[in-house]
Amino acid sequence: MTVSPTRMASKSGRGSLSGGASRGESPDTVLRLEGLDKSYGETHALVEVDLEAVAGEVHAIVGENGSGKSTLVKLIGGIIRADRGTIAVGGVTIDRPTPGRMAAAGVAVIFQEVLTVGSASVVENVFLGYDGLFRRRMRPEAKLQRCAELLERLSGRPIDPRASVETLPLSARQWITVARALVRRPRILLLDESTAALDLGDAARLLAEVELLKREGTCVLLVTHRLAELQRIADRALVLRDGAVAGALTKEEMVEQRLVELMTGKSQSSRQTEAVRRSQDGGTVALRFNGLALTPGSTPVSKELRHGEIVGLAGLDGEGQVAFLQAAGGIAKPHAGVVEVVESDRARMVSRQRDAAELGIAYIPGDRKAEGILPHGSILENFSLPNYSDATRLGLISRRAMRSLMARYTAPLKLRAGASSDEITSLSGGNQQKVIIARWLAQEPRILLLNDPTRGVDIVTKRDLYASLTELADGGAAVLFLSTEVEELTNICHRILVFRRQTVYAELAGDAKAHDVVASMFGVERVADIDLAVAEAATAVSDELKDVL
């Protein structure tokens with residue numbers, strides 16, 4: 001593999017770190033982990049983990065939620081310190097790793113949670129920690145220019161570097177974290193579920209950037225639960241189970257059956273994930289959208305959601321599907337039109353969240369950190385928020401009854417957690433999401449609205465969630481299911497509404513092919529047209545980023 005001489009020369013000038021060279025490495029090895037062990041009290045998060053990664057490869061790290069992936073990422077990033085074991089970068093062992101030492105060694109991490117400072121500007125977030133305590137490495141005007149150019153090249157759209165981050169959507173904030181890592185020109189880049197907050201188009205752009213970095217000699221460690229993503233871009237995969245290495249896979253071995261077997265330790269049937277969609281007999285209308293105009297000038301939407309069906313919502317970022325879902329939950333007001341819950345004798349309008357709750361509508365948010373959890377609350381408290389009435393006896397809340405209720409709804413999702421009194425943030429991101437999903441499933445809603453619920457959730461749990469949603473629909477509930485993973489929609493939905501330009505561009509049957517959904521999202525007839533557009537965009541990004549970085 002040819003490595004960019006300019007890029008490698010720039011890296012050779014990094015400051016030296018104490019420690020000796022690791023033994024037995026190939027010349028291209030840039031990261032070597034030996035015997036990493038980490039415990040939290042009685043919980044053994046990692047058990048004697050070894051890993052060797054080389055320059056110019058994408059090395060995936062996969063496993064169920066709670067298997068130790070995020071702990072491993074934090075150890076490599078210097079956020080936490082191992083109880084035992086060593087980390088070597090470029091043949092040099094890093095003594096007492098810290099974020100500063102790992103960054104100096106050329107390690108950059110993009111964490112699963114979108115870590116931005118909401119009150120600060122975009123440019124301040126991109127260059128957070130970039131300067132020294134008493135010395136600026138770049139003039140403010142140059143930072144503004146570089147920030148604007150880099151974000152536009154990455155995201156494909158202009159982002160004002162002076163804008164306050166708190167005014168931006170989740171996807172834009174994710175691009176800021178990507179840019180923050182790239183301005184440091186890392187030799188090792190860790191992506192912890194970094195495409196989870198991005199739609200199909202943006203995820204393709206990020207993966208194109210990963211391909212560019214790979215060609216230039218960067219080692220990319222990729223944590224992902226998206227099987228298609230894994231199969232497309234990863235060269236090798238390390239599978240973790242219960243904190244230990246369960247196996248290592250070559251690119252050819254990265255098929256769902258083998259991954260699930262290693263992740264769970266159980267033999268699986270040879271079949272791939274099958275659609276769990278069942279026949280829908282045309283139940284009565286549950287939710288009606290009358291002339292819903294999401295923005296001024298957009299084409300009004302008039303649709304019905306029926307009891308017993310799962311309707312998928314698809315679209316590229318910002319095309320209207322989120323606004324449509326939030327209008328259904330009384331969270332966001334449309335420009336015009338109404339949303340009504342249809343009961344046996346009348347239709348009742350949904351204009352506020354309180355209306356939605358009273359009418360049996362539950363909403364599972366997409367931004368877990370901002371909308372889903374109380375970060376300083378316990379696991380049980382976060383589950384309990386809408387469920388106190390179900391565990392109240394004679395006006396008093398029974399913690400035993402609440403724990404029993406939580407166990408009932410988290411068991412099918414295989415929640416991996418310690419004591420229910422532990423803070424919710426002690427869990428991995430995927431397990432936090434399971435608590436949120438279980439919280440609303442416990443409400444047994446008449447209408448369930450899901451905003452990309454499997455973001456950061458492993459393959460095995462996704463199957464369990466699909467089964468739970470199908471069971472809910474079979475019981476007569478109506479489900480609106482927004483997802484950025486097309487395969488999810490074609491697996492379990494009866495119908496799929498594809499949004500484009502703030503309206504429903506196409507309505508497809510649930511058994512539609514994934515490529516038909518994707519083509520509609522891009523407003524073209526053939527997927528081949530999309531492939532060409534993505535290839536052109538990737539080429540442009542590749543050429544232009546060389547000048548920016």
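This is a predicted model: local features need pLDDT of at least 70, side-chain atom pairs count only at pLDDT 80 or more; totals for chains, interfaces and linings use all residues.

Trainee: At what angle do helix H9 and helix H16 pack?

Mentor: Residues are numbered from 1 along each chain as its sequence is written, and side-chain values use heavy atoms, with hydrogens and water left out. Helix H9 (residues 256-264) and helix H16 (residues 459-474) pack at about 100 degrees, their axes being 9 Å apart. That makes H9 roughly perpendicular to H16, a term for angles of 65 to 115 degrees; under 35 is roughly parallel, over 145 roughly antiparallel, and the rest oblique. Axes are lines fitted to C-alpha atoms, for helices over the stretch in contact, and angles run from 0 to 180 degrees between N-to-C directions.

Trainee: Which residues of H9 and H16 meet?

Mentor: From H9, Glu 256, Val 260, Met 263 and Thr 264 meet Ile 459, Val 460 and Arg 463 of H16. By class, this contact of H9 with H16 has four nonpolar, one polar and two charged residues. Contact means heavy atoms within 4.5 Å.

Trainee: And how do the axes of H5 and H6 cross?

Mentor: The axes of helix H5 (residues 140-155) and helix H6 (residues 170-182) come within 10 Å and cross at roughly 120 degrees. H5 is therefore oblique to H6. Leu 150, Leu 151, Leu 154 and Ser 155 of H5 meet Trp 175, Ile 176, Val 178, Ala 179 and Leu 182 of H6. By class, the contact of H5 with H6 has eight nonpolar, one polar and no charged residues.

Trainee: Which residues have the most contacts inside the largest nonpolar core?

Mentor: They are Val 122, Val 126, Phe 127, Leu 151, Leu 189, Leu 230 and Leu 259, in a core of 50 residues. The largest share of this core, seven residues, comes from H6. Apart from it lies another core, of 45 residues, among them Ala 442, Leu 465, Leu 472 and Ala 477. A nonpolar core is a set of buried Ala, Val, Leu, Ile, Met, Phe, Trp, Tyr and Cys residues joined through side-chain atoms within 4.5 Å. Buried means under 20% relative accessible area, exposed over 50%, and partly exposed in between, with a 1.4 Å probe and protein chains only.

Trainee: What does Leu 151 touch?

Mentor: Not counting residues up to four places away in sequence, Leu 151 touches Val 122, Val 126, Gly 156, Arg 157, Ile 159, Trp 175, Ile 176 and Ala 179.

Trainee: A change of topic: is Gln 433 buried or exposed?

Mentor: Gln 433, in helix H15 (residues 429-441), counts as buried because its relative accessibility is 1%. Leaving aside neighbours within four places in sequence, Gln 433 is in contact with Ile 364, Pro 365, Arg 368, Asp 452, Pro 453, Arg 455 and Val 457.

Trainee: Where is Thr 195 found?

Mentor: Thr 195 is in the loop between strand S7 (188-192) and helix H7 (200-215). Thr 195 is also buried, at a relative accessible area of 4%. Among its contacts beyond four places in sequence are Leu 206 and Arg 226.

Trainee: How many residues of H10 are buried?

Mentor: Six of the eight residues of helix H10 (residues 321-328) are buried, so H10 is largely enclosed by the rest of the structure. Just after H10, Gly 330 takes a positive phi of about 70 degrees.

Trainee: Lastly, how many helices and strands are in the chain?

Mentor: The chain has 19 helices and 22 strands. Helices (H or I, at least four residues) and strands (E, at least two) are DSSP runs, numbered from the N terminus.

Technical notes
Ala, Val, Leu, Ile, Met, Phe, Trp, Tyr, Cys and Pro count as nonpolar, Asp, Glu, Lys and Arg as charged, and the others, Gly among them, as polar.
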